[in-house]
Amino acid sequence: MTRLAPLIKPLGAVIAIVGFVLWAHLGSGIARFHSQVKSAPGWDRFRDVYGLDSFGEDSYFVRAAQNGYNLFYFTHRYGWRFTRKTERDAVNSCAACHTPEDMAYAFVNSDRFDPGLGRRLSFEESVMRCYARHMDGFVPTLYDPAVRDLRILARSVAHHLQLGEGARRAGGELIP
Amino acid sequence: MTAFLPKLLRLAVIASVLGGLYLVALHKHAERDETRQAAVALTPGCKAKLESYALHAGSDYRSPYVLRTTGVSKQARGYTEEDVRAIQRGCNLVDDTQGQLARDAARERWNAGRFMRGRHASCDHCHQNIGDKQDAAGQRLVGSNGLAASWVMADMYDRFTGLLLPYELRQMQCYINSSNGFKPNAADDLLRDVTAYSRFLTAALDLKIGNHYAEQGTDEIPASATLRRGDDYVRGAHLYKQKCARCHGPQGFGTEVNGKVIYPALAGPNSFTLDSRMNFGRVNSVIPGFICRNMPLGEEGSLDNQSCRDIGFYISTLPRPAGDKQGPLVAAWQRLMMAVMPPLTQYAETLGGGNHHVHQPPED
């Protein structure tokens with residue numbers, strides 16, 4: 001028994017790590033540990049309405065668009081790292097101010113000069129600014145899925161609407 | 001007090017260095033802003049291209065190309081002066097990435113040379129006609145690496161990297177692999193201006209987001225598109241000397257005249273790397289597709305599929321820089337080969353009479 005004593009600590013550490021990994025992947029339910037995106041309410045209807053299956057039923061692109069959908073409608077839940085808004089706030093998601101079509105039109109009109117800022121503004125920067133300002137939160141990096149997947153959602157809707165660069169919305173304004 | 005003075009001195013030095021760095025950063029930012037505001041001197045190719053697409057500042061944009069090809073005048077959102085300058089700079093970058101045609105290459109091309117080890121690489125070599133290749137009738141050519149078609153299909157799954165590849169990341173890969181260099185920052189003007197130009201092309205050609213167009217990427221030629229005689233290095237070497245060597249040089253080092261690149265290198269330190277998709281050894285269907293559709297200049301489409309694969313195979317055996325994935329040993333070996341092989345090959349060719357490579361096979 002005394003010979004095994006030095007092994008107890010390292011063995012305990014290994015068991016703890018393996019236990020954590022197993023829990024994270026199998027029991028935690030935390031989305032980032034799974035290749036599947038959690039299906040939020042309304043997703044199936046959304047994918048029908050916007051023809052997401054034209055990109056393949058379960059493609060990488062569709063999964064990213066699905067994550068974008070989750071972020072768009074349930075920002076406080078799926079983008080919690082970048083917002084202080086909670087379930088109790090009336091405005092706690094992108095969908096509180098925008099529609100998916102808004103995002104698509106904003107996407108095809110992005111990368112243009114913004115007179116207010118005095119410089120050209122990309123779609124990604126607009127999303128980052130939204131997190132920081134309207135969502136009372138923090139700025140994700142350019143490549144964070146919290147930004148990328150919203151762009152991909154906007155792309156997929158723009159594809160469904162068959163928008164081209166600089167497309168104008170009849171009677172509508174761009175995202176402020 | 002005496003113990004306090006050295007500490008104070010150290011603090012003052014640190015503060016001065018940090019303050020100096022901050023001032024340098026401010027100066028660099030101001031310089032960039034100045035470049036963004038400056039009028040753009042277009043390359044001759046860009047002048048013709050952007051004039052033909054009627055790029056101008058205004059509240060609306062109507063593409064003459066769309067009017068000519070469809071008979072319908074479509075209205076899109078116009079561009080501000082700043083947007084126009086970004087598009088112009090992007091066009092210049094694609095046409096003349098290293099600024100050979102610029103008066104001040106570093107300033108007018110956002111120091112693109114910082115991100116390239118070789119002197120030859122320019123986007124236009126692969127994305128011909130400034131990323132928008134058309135025939136005389138204005139038809140966009142199949143598999144011509146069109147930048148507009150590439151932009152509308154950005155963010156899709158990329159089989160080479162296993163990523164949903166954004167347009168900026170794809171440009172970074174070009175800098176690393178095709179230009180044997182380093183990746184710029186995703187928000188660098190260098191990338192953003194090329195994106196602005198590509199997006200303008202989609203407006204000019206009226207392409208829709210997420211649609212596949214035939215000019216996107218290369219029209220690849222897999223082995224299954226041949227009679228499966230097998231890709232042959234010897235046949236490739238022979239064809240290379242017949243069809244390619246007059247422009248790219250007998251050893252594939254390209255042609256320079258008065259320090260200006262006329263035809264780019266396919267081998268040696270100015271060439272693309274082993275990691276490039278153009279390297280037959282990495283992806284064996286891309287370069288044959290590129291050759292068949294775009295080479296030799298003026299005789300495009302004259303080579304059959306097997307010949308293109310043979311030439312691609314031969315080119316891949318020429319010494320070239322290692323890619324990022326190969327590691328230092330392969331990099332050192334490739335460097336050695338790039339230094340040793342050219343004189344050896346040259347010597348070997350002189351032993352055979354020096355001109356056997358231009359020997360024409362008997363006509364059928």
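K38(A) lies in the loop between helix 1 (5-27) and helix 2 (43-49) of chain A; helices are DSSP runs of H or I of at least four residues, strands are E runs of at least two, and both are numbered from the N terminus. K38(A) counts as partly exposed because 15 C-beta neighbours lie inside 10 Å (20 or more other C-beta atoms within 10 Å is buried, 12 or fewer is exposed, and partly exposed is in between; C-beta atoms are placed from the backbone). The C-alpha atoms of K38(A) and L163(A) are separated by 29 Å, at 125 residues apart along the chain. The model is predicted, with pLDDT of at least 70 needed for local features and 80 or more for side-chain atom pairs, while totals for chains, interfaces and linings use all residues. Residues are numbered from 1 along each chain as its sequence is written, and chains are lettered from A and ligands numbered from 1 in the order in which they are written.

Helix 6 (residues 123-132) and helix 7 (residues 145-160) of chain A pack at about 120°, with their axes 10 Å apart. Axes are lines fitted to C-alpha atoms over the stretch in contact, and angles run from 0 to 180 degrees between N-to-C directions. Helix 6 of chain A is therefore oblique to helix 7 of chain A (under 35 degrees is roughly parallel, over 145 roughly antiparallel, 65 to 115 roughly perpendicular, and the rest oblique).

Chain A also touches chain B. Here 24 residues of chain A are in contact with 23 residues of chain B (C-beta atoms, placed from the backbone, within 7 Å). Helix 7 of chain A gives the largest share of the chain A side, six residues.

Key
Contact = placed C-beta atoms within 7 Å.
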